[in-house]
Amino acid sequence: MANTPRNTERKEPEGRQDRSYPVLPVRDTVLFPHAVLPLTVGRESSVQLINSLGEDKTIVVVAQREARVDSPQPLDLFTIGTLAVVHKVVKMPNQSLFVFAEGLDRVHVQEYTQLAPYMMAKVATIGEITPPKTAEEEALQRNVLTLFQQIVSGSPTLSDELATVAMNIEESGRLVDFIASSLPTLSTKDKQEVLETADVRIRLEKINQHLAKELEVQQLRNKIQSEVQDKVQQTQREFYLREQMKAIQKELGEQDEGQRDVEDLRQKIEQAGMPEEVKKEALKELTRLQRMSPMAADYGVTRNYIEWLAVLPWAKSSGGEVDIPKAKVILDEDHWDLQKVKDRILDYLSVRRLKPNMKGPILCFVGPPGVGKTSLGKSIARSLGRKFVRISLGGMHDEAEIRGHRRTYIGALPGQIIQGIRRAETNDPVFMLDEIDKVGRDWRGDPGSALLETLDPEQNATFRDNYLDVPFDLSKVLFITTANMLDTISEPLRDRMEIIELQGYTEDDKVHIAQRYLVPRQIDENGVSADQIEFPEEAIRFIIRHYTREAGVRNLERLIGTVCRKQVRRIAEGSQEKLIVTPDILQRRDFLGGIKIRTDSEIAERTKRPGVVVGLAWTPAGGDILFVEATKMKGKGNLSITGQIQDVMRESMQAALSWVRSNAERLGIPEDFFANHDIHIHVPAGAIPKDGPSAGVTIATALVSLLTGKQVRPLLAMTGEITLSGNVLPIGGVKEKFLAAKRAGVHDVIFPAENKTNVEEDLMPEQIEGVNIHYVTTIDEVLEIALPSTPAEAKRDAEEREHVLTSA
């Protein structure tokens with residue numbers, strides 16, 4: 001091996017082993033043999049050491065382990081240092097000394113012989129372990145020299161003479177020491193490590209690693225600096241060109257792009273017709289924008305704000321004369337029936353014709369899905385000659401969606417109200433707020449409360465959006481809200497709106513709507529013509545009766561579209577035959593399939609057993625029928641209630657049972673029956689929560705039917721609240737409940753007598769046609785109508801039931 005003791009030689013400098021030498025501690029500095037280094041001496045002990053030197057200027061320079069120690073002791077110094085000779089001493093104005101010292105040999109500090117006033121120690125020189133020259137060592141030395149030359153040439157702080165001096169050094173040990181002392185980036189720890197390494201080959205390898213790392217760092221630093229320099233030069237070049245362009249434009253009398261942008265905004269502000277207060281704010285922001293640099297962070301924010309102010313329709317209205325007959329024609333064209341709503345709109349138009357500056361009303365259309373609330377808003381806009389804007393409030397939780405965000409937020413925008421006004425481009429559109437009953441509320445705010453100002457005719461003339469922070473007049477806007485139910489709308493918000501209820505349609509209404517609107521629309525949307533498909537009235541009625549059970553017409557339209565697509569497929573497959581839709585065709589598997597709803601026969605079938613009665617219920621989707629079932633069993637007089645019954649309905653069941661028990665003798669019920677039997681009342685469709693007092697008469701009738709063994713009339717439905725004294729109290733949702741009964745094929749309906757006015761006001765004579773309405777004031781009257789009192793009546797009911805079941 002090249003570095004074994006047998007193949008190496010050790011150079012041992014003679015002398016200097018038994019003498020004591022002054023020790024000069026230095027910070028962050030390592031002096032190498034054969035190197036001349038200027039040292040600043042400031043400590044009092046070090047100054048005394050230098051001043052005490054006589055003709056023999058030899059000292060030992062040792063580096064401190066920690067540079068922060070001001071008064072180092074032997075343990076604070078490394079054990080390997082450099083024997084050096086002081087060539088020159090220069091006194092500085094601050095009493096410190098500037099010393100030029102030349103390193104002679106590596107020494108090992110063996111023993112300190114003096115600590116004050118300065119340290120002295122006995123040292124022993126350390127000879128270098130120099131391996132014989134081999135090709136491998138020669139290659140390593142050349143690589144070190146090459147790396148050092150590359151570092152010197154790439155460094156702005158190192159003199160090129162260092163590379164020349166290094167090339168003239170032949171001894172490997174001296175070359176390593178020279179390079180280590182010349183590199184300012186080499187840490188004190190690394191330099192000390194090189195100083196302490198006597199083996200020249202190991203020293204070469206260490207310095208080679210340091211140089212390779214330093215070269216890599218230097219190349220990266222140069223690359224980064226070059227990129228930065230390129231960017232700086234590009235920026236300077238752009239600035240210079242921009243200044244030149246400004247000078248040229250000035251000579252030509254032209255404006256730069258930024259100035260043109262400002263002038264365009266100024267012109268828009270002048271033309272916008274803003275109120276004086278708003279215009280003052282816009283011009284103030286424009287002046288601020290003019291002084292800004294386009295590179296400023298706020299430039300884009302300020303410009304967007306000014307542009308929002310400039311494009312809003314502050315003074316732009318739809319205008320036009322209000323034509324009442326024309327508006328009536330448009331409303332009748334677009335919608336069947338809905339006479340109350342049409343009358344209210346025409347009343348509004350009539351007042352507006354006489355008083356053009358009147359404040360717009362806030363209308364709220366409440367009704368089940370599919371009855372035409374949203375499409376009615378479009379028709380109103382068309383009849384008024386105004387733009388139509390719609391936003392959906394369903395699921396909205398953030399108040400800023402209504403009022404907007406403040407400009408301090410990144411990406412801030414005005415709220416949906418102002419955005420809708422901008423889209424409409426007029427200050428008096430018909431603005432529809434859909435699903436106002438489904439507005440959310442959480443920690444982000446309450447949009448419902450934010451709507452209070454928007455929907456108040458007395459306040460919205462000065463509506464202030466958070467983003468604009470200036471008032472905008474919404475009093476000319478005709479706001480229309482829609483909802484499926486009023487219960488979830490807050491009382492203050494409900495108080496600001498004029499409620500117009502849109503109940504469900506009867507079968508005749510649906511037939512007219514289908515023939516007039518739905519069938520033509522679906523034929524057009526599915527790419528067929530009236531010559532290729534025909535929907536007779538019989539087919540439409542069949543779809544309504546046996547495939548839909550809804551208050552509106554949305555599902556009806558969906559099924560008509562399905563039939564149209566089936567015909568489109570037949571045409572695509574080569575059939576040219578016109579399709580005339582019949583009940584038989586509808587029931588085919590490749591069309592709508594078998595009948596889905598058999599309501600009248602279902603009622604007749606289920607009421608065959610005593611204790612089953614049909615009730616009527618109100619839901620957000622319109623009205624619906626409700627079966628109430630009662631059964632008895634041996635027990636101890638307990639009452640079981642099932643079917644997801646809520647508190648109010650549960651109390652109605654208790655009241656009905658109490659009335660039946662208190663009148664048991666009169667009704668022909670044995671005295672000991674309740675002591676020896678349990679009663680179970682169940683309302684099917686158990687997954688749906690049910691509540692409300694209007695099922696009281698239905699439950700009482702079911703109990704009496706069960707306990708007397710009498711079947712109720714086959715196609716009878718009822719509703720009404722019961723009291724313990726047997727009175728029947730009025731209920732709500734009369735029209736929805738009646739229409740649900742008629743859709744289900746019911747022939748007789750029992751209503752409380754006090755609801756007679758509601759029936760006369762809400763229902764048209766043609767809607768009531770075919771259904772007998774019985775008005776009652778007591779439960780006894782209900783039982784007299786619902787349960788047969790003679791064998792002849794029982795026989796009549798049985799025959800009617802059999803007829804219904806046979807027809808089905």
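A nonpolar core is a set of buried Ala, Val, Leu, Ile, Met, Phe, Trp, Tyr and Cys residues joined through side-chain atoms within 4.5 Å. With that in hand, here are some close-ups of this predicted model.

**View A. The largest nonpolar core brings together 52 residues.** Phe365, Ile380, Ile533 and Phe535 have the most contacts inside this core. Helix H17, spanning residues 507–525, gives the most to the core, with 7 residues. Apart from this core lies another, of 51 residues, which includes Val278, Ala282, Met292 and Trp308.

**View B. Phe365 and its contacts.** Leaving aside residues up to four places away in sequence, Phe365 touches Val341, Lys373, Leu376, Ile380, Ile480, Thr481, Thr482, Ala483, Ile500 and Leu502.

**View C. Phe98 and Phe100 form an edge-to-face aromatic pair.** The model has 7 aromatic pairs.

**View D. Trp314 and Phe472 form a tilted pair.** Their ring centres lie 4.9 Å apart, with the planes at 55°. Trp314 sits in the loop between helix H9 (299–311) and helix H10 (324–334), while Phe472 belongs to strand S13 (residues 471–472), so the pair links distant parts of the chain, 158 residues apart. Both Trp314 and Phe472 are buried.

**View E. Two arginines lie over aromatic faces.** Look for Arg407 over the face of Tyr305, 3.7 Å from the ring centre. Arg422 lies over the face of Trp308, at 4.4 Å from the ring centre; Trp308 is also among the residues of the 51-residue core.

Note on methods. Residues numbered from 1 in each chain as written. Predicted model: local features only at pLDDT ≥ 70, side-chain atom pairs only at ≥ 80, totals over all residues. Heavy atoms only, no water. Buried < 20%, exposed > 50% of the residue type's maximum accessible area, 1.4 Å probe, protein only. Helix = DSSP H or I, 4+ residues; strand = E, 2+ residues; numbered from the N terminus. Contact = heavy atoms within 4.5 Å. Phe/Tyr/Trp six-rings, centres within 6.5 Å; stacked < 30°, edge-to-face > 60°. Lys NZ or Arg CZ within 6 Å of the ring centre and 35° of its normal.
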